[in-house]
Amino acid sequence: MSSVFRAIGWTHRYALALTVAGAATAHAQRAAAPAGGKPFTTAAGEWPSYGGDTRGSRYSPLDQIGAANFSSLEVAWRFKTDSLGPRPEFKLESTPLVVGGVLYTTGGTNRAVVALDAVTGAERWIHREDEGPRGAAAPRQLSGRGLAYWTDGREERILYVTPGYRLIALDAKTGKPVPGFGENGVVDLKTDIDQTILPDLVTGEIGFQGAPVVGRDVIVIGAAFREGTAPRSYKNNKGYIRGYDARTGKRLWTFHTVPQKGEPGYDSWLNGSADYTGNTGVWSQVTIDEDLGLVYLPVESPTGDYYGGHRPGNDLYGESLVCLDLRTGAKKWHYQIVHHPIWDFDLAAAPVLADITVGGRAIKAVAAPTKQGILYVFDRITGAPVWPFVETAVEKGDVPGEWYSPTQPIPSKPPAYANNGTSLDDLIDFTPELHAQAVAIASHYKLGPIFTPPVVSKAEGPLGTLARGPTNGGSNWPGGAFDPETHVFYVASSNAAPALLGMVQPSKDRSDMDWVAGLAAGATRPGFTVQGIPIFKPPYGTLTAIDLDKGEIAWQVPHGETPDAVRNLEALKGTNIPRTGQPGFVVGTLVTKTLVIAGDPQVTTPPTRPRGAMLRAYDKKTGAQVGEVLLPAPVSASPMTYAVNGRQFIVVAVSGGPYSGEFIALRLPAGEGR
Amino acid sequence: LSRAARRAAFVFTAAIALPLVIGAGRPRARMSAPATVWDSVYSPAQASRGESSYVKGCARCHQASLAGADQSPPLTGSGFLGNWNGLPLSDLQDRIRTTMPSDSVGLYDRQFVTDVIAYILKMNGFPAGAGDLSPEADRLKAIMVQATRP
């Protein structure tokens, strides 16, 4: 390994030298760059936006860290987020930015912002907001997914959204609020939103845990709410999406994700239900095509994740991909991926912009990874599916008052990258006994293919629809990564994180909904595991490469160490079980010049090493694992990479279970790779 | 720089290894106390109380089925068991008590949290017994989560 490494070392050193020179040039240009210029790019070794760029790519061309040396990565620095808030956080989901040798990130239970030296991890500044009861009442707590960087070539700003839904602009050099932005650096996002947030500005339910995205001096802000399988009411605030001027904080436009009376789409909500139905926000990441001046919104479910009886009709723009003009917010096109959403199939991740060639034709495409484990690919200018979607007849459920769409669109290509239905054939068959136990458990549930609807939960059975896809399936907010050179899309996904779609009538003190998710009183609680292992066959989780020129899966491999519960199971002693992967649905991917990098979503404690979770590197051409690094806890956000002074770094956020949030920066040992 | 890198690597390794060392040095269960979650450490009545508490206080985010969602991790299955495998129940109690519910941390007392833990144990297939799980941290320290039957 080391000889191969030495042989290519010079090339790497040369490449990095070029990269750094490029960065320096870009930096010099930035000072003189015209307003709205794009001086900082992943090509220059930076990571200036949540997804590396505003296109959702998660791609960096850096190659100092490669197959030959990934396993020798060392810790450069660590930063624990415990003391950024009043208590430690155990779900650190932020992906940092790096611009000009400084790393910026959110962190801590109150979502502070911190600037660190990207080489040493030394703190430059910290900004904290004490939002009191408004912060405590926030529907989405903790550190959130990150922030945005903006510059006009003169000023540099960091932008983020607090748990209490206020947009803050900070001077990137000092961390001080920018006086000329909003009111002393703050825009109250609960105001100027074309509706009155109820019941009041302190407790009114709306927030955003995602990272703002800035393109061409326009900041686009999403909207999020509490988990919605059992909401308190069928009425709620609406998740309108807004664009703001990055210089002044002035609102430029508002897009009504639930159309107002007289607007197109209003009639898709029968009985005037658009007037009171809420949610329908964008809690994940917005994507921007700065060249075309277009915004892509992955819209979530309307109020009531599993019950839509209070909102009959298709419910536009619930679970739609919506394309807007960046400057005006005017709708260019939309495509509703799920009609009348009742599966919690929020569009959960950043749509990815992909310039591809299909059958010899160049297409500017946008691809939306989903909980369904289906990649929906569109021409991003026209909104037409690249490969036809087939409106497919789906089953009608038995929940009184529900309105059912008779069909749902399913793409003809590419094939699903995760299992999104349940059948007896999907149950474990390691041994006849384990299979019999799995069948016994499954007998309490209704099984069926994708779009099998929620059912009334009955003590005698079914307790509900056992589904793979809804809420926890496929891929969730980390989304995927796209390689602009090879046109391959990479995504990690889960096959064994089921959801139970059982409906009960709530007591009036819990909700005014007619039906919410729940389990029939007095029923047994069989769970989803047999002796602690998933009832579904492995692989529990995979990493998939999809060739977007062909619409085909190029390769798919199990991702994640075999869980302890499987490896140690008495009934499986002596059985050789290939790596099963792990059923995590929040696994972020990073693609570099040669590698795809992703962390295990679960901790394992095999006999050969200490307790921990692996960060893995795969050969992006073949899917073969080429390296791994042990981390103390699962990677709980998407990995990112950058280079400073000729050295490449990979930063991961780790947290989960008993391990509180921490950023770990990795790099090669001194002298290696250069 | 190389020395710094080596030091960082050492710190990293130590941070991983240290909890194991501490775990090894932790006083084992009292002679009469059960040692793992397989030793029937909660009662059916307590799990039933825990279920009521869970439905009221936890299900909205973690789901009635304990399957979790978005920001709320699953409370059954291999992910949950992997996270807590080899750790004492006192760690799980601390984690819940000091971070939940996320919008009004500290609302749930030890008894509430311990009853919910009993329900979680039941839902993960660990056997019930005659007595309740004690809410006292010292007692919970002596009961280890073990993903598979010893």
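I started with the area buried between chain B and chain A of this predicted model, and it comes to about 4300 Å², with carbon and sulfur atoms giving 56% (buried area is the accessible area, 1.4 Å probe, that two parts lose on being put together, summed over both). Local features here need pLDDT of at least 70, side-chain atom pairs count only at pLDDT 80 or more, and totals for interfaces use all residues.

Next I looked up who takes part: 57 residues of chain A and 44 residues of chain B are in contact (heavy atoms within 4.5 Å).

I then checked for salt bridges (a side-chain nitrogen of Lys or Arg within 4 Å of a carboxyl oxygen of Asp or Glu) and found two across this interface. One of them pairs Asp103(B) with Arg226(A), whose closest N and O atoms lie 3.1 Å apart.

Which helix gives the largest share of the side of chain B that touches chain A? I found that H1(B) does, with ten residues (helices are DSSP runs of H or I, at least four residues, and strands are runs of E, at least two, numbered from the N terminus).

Terms used:
Residues numbered from 1 in each chain as written. Chains lettered and ligands numbered in written order. Heavy atoms only, no water.
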